[in-house]
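Open the model in your viewer and keep the selection panel to hand. The stops below each say what to select and what is there.

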Amino acid sequence: MNEMLTQEKSIYLQISEMLENDILRNIILEEERAPSINELVKLYTINPATATKGINILVEQGILYKKRGIGMFVVKGAKGKIMEKRKEEFYDNYIKKLLVEAARLGIGQDELLTMIQKNK
Amino acid sequence: MSKKSRINRTLKYGVIYAEKVFSIIFIISAIYALIYYLQGGFGDIISDSLMIPFYMGEMCLIMLFIIQITNKSRYIPLSISFGSLRKETFIGIQWINLILIVQSIILVGVCLIPNQSISGEMKSIGILIFTLMLVALGGIGQLIAAVSIKFGKLGGFLIGGLLFALITSAIVVLAFAGDINTDITIDSFPSNIKILAILVAVIIYIFGSYINYRVLKNYEVRA
Amino acid sequence: MNNLVCKDIVKKYGKKEVLNNVNLTLEKGKIYGLIGRNGAGKTTLLSIISAQNPATSGTVTLDDQQVWENQKTLDKICFSRELNPVMGNGAAGLKIKEYLKIAAMYFPNWDNEMAINLVKEFELNVKDRIVKLSKGMMSMVTIIVAMASKAEYTFLDEPVSGLDVVMREYFYKLLLAEYTESGRTFVISTHIIEEAADVFEEVIIISDGKILLKENTQELISKAFRVSGKAEDVDAVTLGLRLHQVEITGRGKGVTVILEEGQKIRGGFDVSIQPLNLQNVFLAFCGKGEKG
C-alpha cells in the first residue's frame with residue numbers, strides 16, 4: 001500500500017489493485033488483516049465512500065472477507081484467485097493489444113516469437 | 001438548544017458590543033476630566049456649570065446615533081452570518097438601544113445632581129428633554145441605517161446624521177441657555193406640550209425601528 | 001428524511017438572474033464538492049441554503065422544515081464565508097480571538113478546544129487583526145470557524161484559496177478526519193478541482209446559475225474518456241455521443257465524451273481511448289467554447 005494514486009483510473013479501482021498487489025507480494029498474507037477503511041482514508045486522503053467501494057470489489061470477488069467487529073481479512077486461496085484474474089487481464093490488456101499493434105506494424109508470428117526469445 | 005438560549009446569545013453579543021462603545025464615552029470623559037483637573041482643579045465647574053452634563057449628554061447622543069450606523073457594518077452582518085435569525089438580531093438592536101438610553105440617562109442624571117445652578121425642576125425637565133432626544137435619535141438612527149442598507153448611501157447619510165446630532169445638541173444648549181436664569185416651574189409647561197413631545201419621540205422611534213425591521217427582513221450578507 | 005432540499009430556487013438581482021430554477025437534494029453525511037466557474041453562482045447558492053440571503057423565489061428545507069428564519073434548522077447549519085479585505089460579513093476591525101469568541105457565542109455546538117488547537121496548528125496569532133491577515137491566513141480562520149462549529153451541515157466557500165500546497169493537503173486531511181469521526185455533512189466549493197476530487201463523495205457542477213450535474217465522483221469519472229486518432233475513426237466510434245472539447249489538428253481529431261446511461265464507445269477502430277480526471281470532466285462541461 002505504498003504506491004501513490006495516479007490520475008489514470010478511478011481511485012477505487014486503484015485501491016483494489018494496490019491491495020491485490022500487496023497480497024501477491026506477500027506483504028499481506030492470507031488470513032491476515034487488510035487495511036481498514038479509516039486507514040485507507042488517512043493514507044491516501046480519499047473519501048471513505050471511495051475506499052469502501054475499492055474494498056467491496058475485493059469482497060465480491062472473494063478475495064477479502066469481513067470478520068464482524070474486527071475488520072477485513074484476506075481469504076485463504078486469495079493469492080491464487082488474484083493470479084488467475086491477472087492472467088486473464090494480462091491476455092486482454094497485453095496479448096490482444098500486442099497482436100493488434102504487431103498486425104499494424106506488419107510483424108508476423110514468427111518474427112514475434114524471435115523477439116520474445118531475444119529477451120532472456 | 002432552546003429558543004431562549006439562542007436569543008440570549010444574540011443579545012449577549014449585542015450588549016457586549018454596546019458596552020464596548022459606551023466605554024469609549026467614559027474613556028474620553030475621563031481624559032477630559034483629567035485635563036481639567038490638571039489645569040487647576042474643578043473649582044466651580046461641578047456645581048455651577050452645566051458643561052459636564054451637557055458634554056456627557058452630547059456624547060451620549062452622538063454615540064447612540066453612531067451605534068445605529070455601525071450596527072449595519074458589524075453587529076447585523078456578524079449576527080446573521082453566524083446563523084442568527086433576523087428577528088432576533090432586530091430584538092438585539094432594540095435591547096442595545098434600551099440599555100444605552102438608560103445608561104445615558106443615569107450618566108447625565110448623576111452629573112446633574114451636584115449642580116447648583118439650576119433648580120431641581122429644571123433638572124427634571126432637562127432629563128426629560130434629553131430622554132426624548134435619545135429616543136428620537138434612536139429612531140432616526142435606525143431609519144438612516146436601514147435606508148443606507150437598502151440604498152447604500154452610507155457616506156452621505158452618515159455626514160447628514162452627524163450634522164443632525166450636532167444641531168440637536170446645539171438646540172439643547174440654546175434651550176437651556178435661554179431658561180437658565182428664569183425660574184420656570186414644571187407647571188409653566190402645559191402638560192399638553194409634554195405629552196405631545198413624548199408622543200412625537202416615541203412615534204419617531206417606532207417608525208424608525210419599523211423601517212429597520214422591514215429592511216432587516218430581507219437583509220443579505222454580501223461577501 | 002434527513003435531507004437538505006432546494007426546490008425551484010431562483011435568485012435575481014434586478015433583471016440579472018443569478019440562480020435559475022435550482023433543484024438540489026443534499027443527503028446527510030456526505031462530503032459534496034461544489035464546482036463552477038467564477039460567477040457561476042456557487043457563493044449565492046450556499047448563501048441561500050444557509051438563509052444568509054433570501055431567495056427571490058423557491059424554498060429551502062431541512063428535514064422538511066423551512067430553513068428561513070427558523071432557529072431549529074439554522075442551529076444545524078454553518079456557512080463559513082470567505083473572509084476578504086472588504087469584510088462584508090462584519091469582521092472588519094476585529095482581532096482573530098474576538099471573531100472566534102463571537103462565533104463561539106452563536107454556534108450551539110462550538111468546540112473551543114478544537115478551535116484553540118487549530119489556531120496552533122495553523123500557527124496563527126490570535127491578537128492579529130483580521131484585516132491585516134494574508135489571504136491564506138484568512139482562509140485558515142474561515143476553516144477554523146467551520147470546523148469548530150461542529151454544525152451538522154457545514155458549508156465552506158473556497159476554503160483553500162491562498163493556502164500553499166502543504167496547507168491544502170493538511171486541510172483535506174483535517175476535513176476527512178473530522179468527517180470520519182463525526183459524519184457531518186460538508187459542502188465545499190472550490191476552484192482547485194483535481195486535488196479535491198479524491199475527497200468529494202459527490203460532485204455538483206454549477207454553471208450560469210444552473211445545476212449541470214450532481215453525481216458520485218468516481219462514477220462520473222469512470223464515464224469520461226478522451227478519444228483521439230484519425231478524424232474519421234474518431235467520428236465513427238463516437239457516433240451518436242455528445243462531444244466536448246473538440247480539437248482538430250490536421251487529419252487528427254480529439255474529443256471528450258461523457259457516457260450516459262447505456263452508451264458505449266464503439267470498437268474496431270484504431271483510436272486512443274484515455275480515461276479522464278475530474279478537472280477534464282469539468283472542462284468538458286464548462287470549458288471555454290462549451291455551451292454549459
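**Stop 1: a strand pair in chain C**

Select S9(C) and strand S10 (residues 210-216) of chain C: the two pair in the antiparallel sense over six bridges. Strands (E, at least two residues) and helices (H or I, at least four) are DSSP runs numbered from the N terminus, and two strands pair if DSSP finds at least two bridges between them. This is a predicted model, in which local features need pLDDT of at least 70, side-chain atom pairs count only at pLDDT 80 or more, and totals for chains, interfaces and linings use all residues. Residues are numbered from 1 along each chain as its sequence is written, while chains are lettered from A and ligands numbered from 1 in the order in which they are written.

Zoom in on the turn. S9(C) and S10(C) form a hairpin with two residues between them, and Asp208(C) in that turn has a positive phi of about 50 degrees. Ser207(C) has Lys210(C) as its bridge partner in S10(C).

One place to look is Tyr32(C), whose bridge partner in S9(C) is Glu202(C).

Show the side chains of S9(C). Glu202(C), Ile204(C) and Ile206(C) point one way, and Val203(C), Ile205(C) and Ser207(C) point the other way. Which of the six residues of S9(C) are buried? Six of the six are, so S9(C) is largely enclosed by the rest of the structure. Buried means that 20 or more other C-beta atoms, placed from the backbone, lie within 10 Å of the residue's own.

**Stop 2: two domains**

Colour chain C by its domain assignment: domain 1 (3-219) and domain 2 (222-286). Such bounds come from an automatic or database domain assignment. The C-alpha centres of the two domains of chain C lie 35 Å apart. Across the boundary, 13 residues of domain 1 of chain C are in contact with eight residues of domain 2 of chain C; contact means C-beta atoms, placed from the backbone, within 7 Å. On the domain 1 side, helix H7 (193-197), strand S9 (202-207) and helix H8 (217-221) of chain C each supply at least two residues.

**Stop 3: the sheet of four strands**

Select S12, S13, S11 and S14 of chain C, which form an open sheet in the order S12-S13-S11-S14 with antiparallel pairing. Strand S12 (243-249) and strand S14 (272-275) of chain C are the edges, each pairing on one side only. Five bridges join S12(C) to strand S13 (residues 252-258) of chain C, and Thr249(C) stands opposite Gly252(C) in S13(C).

Next select helix H10 (residues 278-286) of chain C. H10(C) lies across strand S11 (224-230), S12 and S13 of chain C, at about 95 degrees to S13(C). Axes are lines fitted to C-alpha atoms, for helices over the stretch in contact, and angles run from 0 to 180 degrees between N-to-C directions.

**Stop 4: the neighbouring chains**

Show chain B: 25 residues of chain C are in contact with 23 residues of chain B. On the chain C side, the largest share, four residues, comes from H3(C).

Finish with chain A, where 15 residues of chain C are in contact with 16 residues of chain A. Helix H6 (165-182) and H8 of chain C each give two or more residues to the chain C side, and H6(C) gives the most, with five residues.

Note on methods: Two residues are in contact if their C-beta atoms, placed from the backbone, lie within 7 Å. A residue is buried if 20 or more other C-beta atoms lie within 10 Å of its own, exposed if 12 or fewer, and partly exposed in between; C-beta atoms are placed from the backbone.
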